[in-house]
Each structure stands twice: as C-alpha cells, then as structure tokens.
Amino acid sequence: DDVVLPGATASTYALASAALADAGSYSVVATGTCGFSATSNPAVLVVDPGPTITTQPANVVACTDQSATLSVQATGPGLTYRWSKNGVAIPGATSRTYTIAAVKATDAGSYGVLVGGACASSVTSSTANLTVFTPVRIVREASHRTACVGSAATFGVTSVGSNPVFQWRKNGVPIPGATTAVYSIRAVTLDDAGSYDLSIRNDCSTVTSLARTLAVPVPASLTTQPVDRTNCIG
C-alpha cells in the first residue's frame, strides 16, 4: 500500500505467518548500479480469515407433507457447506440452504451445518430444531345422548394430531370453558337440550365433529287433579 517495508530488500518478500493486517497491495522497486530504477506492478495479498457465520440456522416448525427449509449465512472466500441431522451428515446437503420438500414425522430433529473456507478452515453452526406437527383428525365420534333432568350427560370425541385445541359448541355457539376432548354436564336441565359438536384445531388443520343431540324428556306432571264423585248404583 505504498508504505516502505523495513528490511525488505531482497528479490523475494516472505511472511512467516500472515495476519489480517498483512492484506494489501505489494510492489517492489528494483534499482541498478547506475541509479536507474523500475517499479513492479502491484500484487494483491488476500488473507483469508476463515469462514464466519453471520446468521445461524433458526428453528423451524412444519406440518406433515409441507416443505421446510433451514438456512445459514456466512462470509469468506471459497465457502462449502455440509448439513447434518442429529450429528450425522446428510448426503447431498451441501448448499447454504437445506430443504425438505415434504416433511415426515421422522424428519424431526436437530440440524446443523459445517461451513468450510478456502484455507481448509471450518466453523460449525449452532443447531436448529425441526419440529413436525401432524394435522388433527377425529378417530371416534361422540354419540347421541338422552338424559333426564338432574342427571349427568357426557359427550366425548377421540382425536389424533399435534397440540390440539378443543372448543365445544351448542347449537353452533361456543360453550365457555368447554375446551377439552370431553364435555360433561353434571345436572341436566331442560335448557341443555340441543345439538352439540366439537371444533378441533392446531397449526396444521381444523376439523369439526359430527353434531350430536342431547334429548331431555320433559318430566311428567299433573295438569288436572281428580275430583270427588257421588254416583247412584248402576
């Protein structure tokens, strides 16, 4: 960089151990016995500091059969990449991003990438978790119910899927606090008669159970009492 190097008076200039500060433009002035001199063209010394990861892979949540992509950002010349899952190298995963086109439950795990540089140095990223959610699905529906006033009534649905969120409804209206797979009424009243269903959702899907009725028979009551009679024989 046009600054004279003390002691650098030979036809070669050697650095025993290059440092980042040594990077720059180098030239040499050759002077003959008659005092004439010639200056060489500059030669650029690039010092590779090794790869540096500027953005680590981030955790990813994906639904079954959806795509999922993990990525890393790094700086340095001649970068190479090698992704691994749970510490085992993934064949063919040698680019800055790693994409799974259709995620399966078995793809869940911890992913990292080894970033190499031009000088055979390398750095390993932090790990990122791939979490795979399965859509919710109902495997057993509730049954219709008939309950007398004062007795208990229960509706239950069996489902599968990741992190389900439940909401029971009566006649299409959400029931406050009814947020489990089972809905029970401890003491039925006439007002409880109606149609009940369950909405189940997660980050992948939403399903609604079949509507089931709760029938509440009206208790027997006397509307007209018997009255006394006096009759003649025959």
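## Basis of the values

In this predicted model, local features need pLDDT of at least 70 and side-chain atom pairs count only at pLDDT 80 or more, whereas totals for chains, interfaces and linings use all residues. Residues are numbered from 1 along each chain as its sequence is written, and side-chain values use heavy atoms, with hydrogens and water left out.

## Salt bridges

The structure contains 2 salt bridges, the term standing for a side-chain nitrogen of Lys or Arg within 4 Å of a carboxyl oxygen of Asp or Glu. One of them joins D65 to K104, with 2.6 Å between the closest N and O atoms. D65 belongs to the loop between β6 (60-63) and β7 (68-71) and K104 to the loop between β11 (97-100) and β12 (109-116), so this pair ties together parts that are 39 residues apart in sequence. Strands here are DSSP runs (E, at least two residues), numbered from the N terminus. D65 has a relative accessible area of 48% and is partly exposed, and K104 is also partly exposed, at 41%; on this scale buried means under 20%, exposed over 50% and partly exposed in between, for a 1.4 Å probe and protein chains only.

The side chains of D197 and R169 form a salt bridge with an N to O distance of 2.9 Å. D197 lies in strand β22 (residues 194-201) and R169 in strand β19 (residues 165-170), so the pair ties together parts that are 28 residues apart in sequence. D197 is buried at 12% relative accessibility, whereas R169 is partly exposed at 23%.

## The largest pocket

A pocket is an open set of points on a 1 Å grid over the protein atoms alone, where a 1.4 Å probe fits, with protein on both sides within 12 Å along at least five of seven lines; lining residues have an atom within 4 Å of a point. The largest pocket holds about 650 Å³ of space, a volume being the space filled by probe spheres set on the points, which are joined across faces, edges and corners.

Its lining consists of 25 residues, and V3, L5, Y26, S27 and V28 lie nearest the centre of the pocket. Strand β1 (residues 24-26) gives the most to this lining, with 3 residues.

## Positive phi angles

Most residues other than glycine have a negative phi. D2, in the segment before β1, has a positive phi near 65 degrees, and D2 is exposed, with a relative accessible area of 80%. N163, in the loop between β18 (158-160) and β19, has a positive phi near 45 degrees.

Notes
Helices (H or I, at least four residues) and strands (E, at least two) are DSSP runs, numbered from the N terminus.
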